[in-house]
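Colleague: Please take me through this one slowly, beginning with the words I will need.

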Amino acid sequence: MTTRVFFVPSLVPLILASFASFTFGGCDSLRAGKDAALSALSERVPVPVVEQLDNSSWKGLRPTLKLMEDADSEADLVALAEPLTSVGERLGAPVARWNLHIVISPEPNAFALPGGTIAVHSGLFALSPTGEELVGALGHEVGHVVGRHGVEGLVTRAGASIALSLLMGDLGAFTQIALEQTVGLTLLKFSRDQEREADTLGVDLLQKARYPVHGLPTFFRGLQAMEAGRTGDLPAFAKKSLSLLSTHPMSEERAANLDVLSKGTAQGSPDAKEVTLLPAEQRARYARLRSKVLASLTPEEREKHDAVVKAFSVSGVKATTPEGTR
Ligand SMILES: [Zn+2]
C-alpha cells in the first residue's frame, strides 16, 4: 500500500511513520514514529551537504545583518563556545567548522544554521553581565545543530518523494530542493518539539562542558515575561524585536520543562551544583568580549540596548544568579 502513496505530499507523515516502523520495529505512536523517521532521514544527509546548505543560507542572511566584523572578537566567541561545540561534535553534530558571528542588534537573540554557523546578537551580551545567559543561549543553539533540526525542517518541507530519494541514497534531488529553501529565514523556524529537544540537549551540553546551566531558563523566562508585557511599557522597537520567541516559541510547558531540567542537573550531580559561574579564564574572556561589543555600539544603538536590558531587569526574572531560576 505504501508504495502507491509515496508521491502524495499530504501523506508524508504516514510514509515517515511507516519508514520508522520499518527501521525501528514499531513505535508507540504516530507522532513518535514521525520524529524517529525524521531523525533517521536527516542523518542520511552527510556533513558536506549540510555544510553546503549552511553556507547557502548564511550567504542569503548576511546582507540583512549588521555584523561586528572584528576577528579578535569572533575568535573570543569561538573560544567561549568551544567547550560546548566540542561536546556537540562528540554527540554527532554535522559540522565541519563552527562559524560564530556577532550581530549588532538590541534584540536579545541568537540563531544557528544546520552546519554550525551561529550568530549571537549584541543585545544578548548587553543583558548578560557575567555571561551565564549568553552561554545558556549558546547551549540551546548548539542543541539545535546537534539535533539536526534545520535539516529535519528541510526534509519535512521537501516532501515525500524527496524523503524517498533520501531513503534510496539519492542526495541530488534533496540537495537541489533544500538549497532553494535555504533562502530567507526558513531554516530558523523550529517546531515546539524541536525547541524542547534543543533545551534538553542544551542543558546536557552545558553540564558536560562544565558551564553553568541556570542562565538558559533565566534567559527564556525573562524573554517570556517581556513578551507577555509584564515589564511595563516597552519602546515600540523593543516589542517588535522580540522575534526570538517567534523563532524559539516559548510556552509555559516548555519553561516548566527547562526549570525541571536545570534543577535536575544541579540535584543529580554534587559537582554540577557548584557550577554557578563560568570558569575564571572564560569569565575574563567574556568580560573583555562584552566590553568590546558594547563599546562598538553607536550612541543610538546603545540607547536601544539599554531599553531592552531595563525591560529584562524588571521582568521579575533575575539575571546571572542561580536564585533567579528557583
Ligand atoms: Zn530554539
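Modeller: A residue is called buried if 20 or more other C-beta atoms lie within 10 Å of its own, exposed if 12 or fewer do, and partly exposed in between, with the C-beta atoms placed from the backbone. This is a predicted model, so local features need pLDDT of at least 70 and side-chain atom pairs count only at pLDDT 80 or more, while totals for chains, interfaces and linings use all residues. Residues are numbered from 1 along each chain as its sequence is written.

Colleague: OK, which residues are buried in α18?

Modeller: In α18, which covers residues 299-313, the buried ones are K304, H305, V308, A311 and F312. Helices (H or I, at least four residues) and strands (E, at least two) are DSSP runs, numbered from the N terminus.

Colleague: Why are they on the same side of α18?

Modeller: They cover an arc of only 120 degrees around the axis, and that puts them on the same side of α18; the arc is that of the directions from the helix axis to the C-beta atoms. On the other side of this helix, P299 and E303 are exposed.

Colleague: And what about α4, how far apart are its end C-alpha atoms?

Modeller: The end C-alpha atoms of α4 (residues 47-61) are 21 Å apart, which agrees with the 21 Å that its 15 residues should span at 1.5 Å a residue, where the expected span is 1.5 Å times one less than the number of residues.

Colleague: Which of its residues are buried, and what do they pack against?

Modeller: V49, V50, L53, D54, S56, S57 and L61 are the buried residues of α4. They fall within an arc of 165 degrees seen down the axis, so they line one face of the helix, and they pack against β3, α8 (149-158) and α10 (171-181); residues are in contact if their C-beta atoms, placed from the backbone, lie within 7 Å. The face turned away from that buried side carries the exposed residues P48 and K59.

Colleague: Switching topic, which residues touch the most other members of the largest nonpolar core?

Modeller: Of its 52 residues, these are L84, A110, V120, L138 and L206, and a nonpolar core here is a set of buried Ala, Val, Leu, Ile, Met, Phe, Trp, Tyr and Cys residues joined through C-beta atoms within 7 Å. Helix α7 gives the most to this core, with seven residues.

Colleague: What is L84 in contact with?

Modeller: Leaving aside neighbours within four places in sequence, L84 is in contact with L138, G139, V142, L205, A209 and Y211.

How values were computed:
Two residues are in contact if their C-beta atoms, placed from the backbone, lie within 7 Å.
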